[in-house]
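Subject: Structure handover, aromatic contacts

Hello,

Here is the structure I promised to pass on. Please open it alongside this note. My findings on its aromatic rings follow.

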Amino acid sequence: MPFLIRDGVRLHYQVTGEGPPLLLHHGFAGSWAVWRHFGFVQQLKSRYRLIMPDARGHGLSGKPHDSRAYSMSERIDDVLAVLDELQIERTHFLGYSMGGLVAYGLARRAQHRLRSLIIGAAHPYLDHSWEVFEGVDGSNPDAFITALETAVNERLSDEVRASVLNNDLWALSAAAKRKRPALDHILPAIEVPCLLYCGDADARHAAVQRCAAALPDGRFVSLPGLGHFAGMMRSDMVMPHIFPFLNEQLGKDA
């Protein structure tokens, strides 16, 4: 299993497939394996070289219990460290939820490393919903689940609940407490092509749609009937939009 160490934190990532690089960044309480479990890897690996990191605090990566370790700057540096390790100068980027927030951060600081952005269920506007994790430290799984359901404004299915609880909740609580800065001021300066999508039953739907309209080269896809977690799980509804978008970018590079 590939690992690297950055500033004392172990970072795990997986690489598979052949073709232009495409980095897949999972959401909160997930791991690289969600891309495989929900069918994205199987559909993409024949056309793209997939780079799938475990974000710090998740999967097989290191799990600091100090919220200071989870700043946006740290998350961006982690992604850049993986790209540098693999000697990838520029990549397409697909991020869901928390992974989408990292995408906006990368666009602010290292847009020259990006070819295109695909962002699911994430917007860069100021969001106070995660403040419900103040006072949650991971010692009480029920309190953690309640805070998460409040933050995403959605009831967790039994499958999602079991997956979330199979984590270091102390690390996830530290990550959730980290304040999320507003980044909407950067939208007019994002010059790479962007595809944004969100389920219409997701509380973030309107904000994601507004974000796409503010981008110089942005487009938006609404996924009917899907909430926040289902937007990650339903590759059958997402991939028919991702493939044409990526093919269009490859045509520009030809």
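R210 places its charged end over the ring of Y125, 3.9 Å from the ring centre. R180 lies over a ring face too: that of W130, at 4.2 Å from the centre. Keep in mind that this is a predicted model.

Now the ring pairs. Searching the whole structure gives 7 aromatic pairs. One of them joins F28 and W130, with ring centres 5.1 Å apart. Their planes stand at 75°, over the 60 degrees required, so this pair is edge-to-face.

Where do F28 and W130 lie? F28 is in the loop between β3 (21-25) and α1 (33-37). W130 is in the loop between β6 (114-120) and α5 (141-152). The two parts are 102 residues apart in sequence, so the pair ties them together.

F28 and W130 belong to one aromatic cluster with F133 and F144.

A further pair is Y96 with Y197. This one is tilted: the centres are 6.1 Å apart, with 35° between the planes. Y96 sits in strand β5 (residues 91-96) and Y197 in strand β7 (residues 194-199). They are 101 residues apart, and their pair links distant parts of the chain. Y96 is buried, with a relative accessible area of 4%. Y197 is buried as well, at 3% relative accessibility.

Best wishes

Methods:
Residues are numbered from 1 along each chain as its sequence is written. This is a predicted model: local features need pLDDT of at least 70, side-chain atom pairs count only at pLDDT 80 or more; totals for chains, interfaces and linings use all residues. Side-chain values use heavy atoms; hydrogens and water are left out. Rings of Phe, Tyr and Trp (its six-membered ring) pair if their centres lie within 6.5 Å; planes under 30 degrees apart count as stacked, over 60 as edge-to-face and the rest as tilted. Helices (H or I, at least four residues) and strands (E, at least two) are DSSP runs, numbered from the N terminus. Buried means under 20% relative accessible area, exposed over 50%, partly exposed in between (1.4 Å probe, protein chains only). A charge sits over a ring if NZ of Lys or CZ of Arg is within 6 Å of the ring centre and within 35 degrees of the ring normal.
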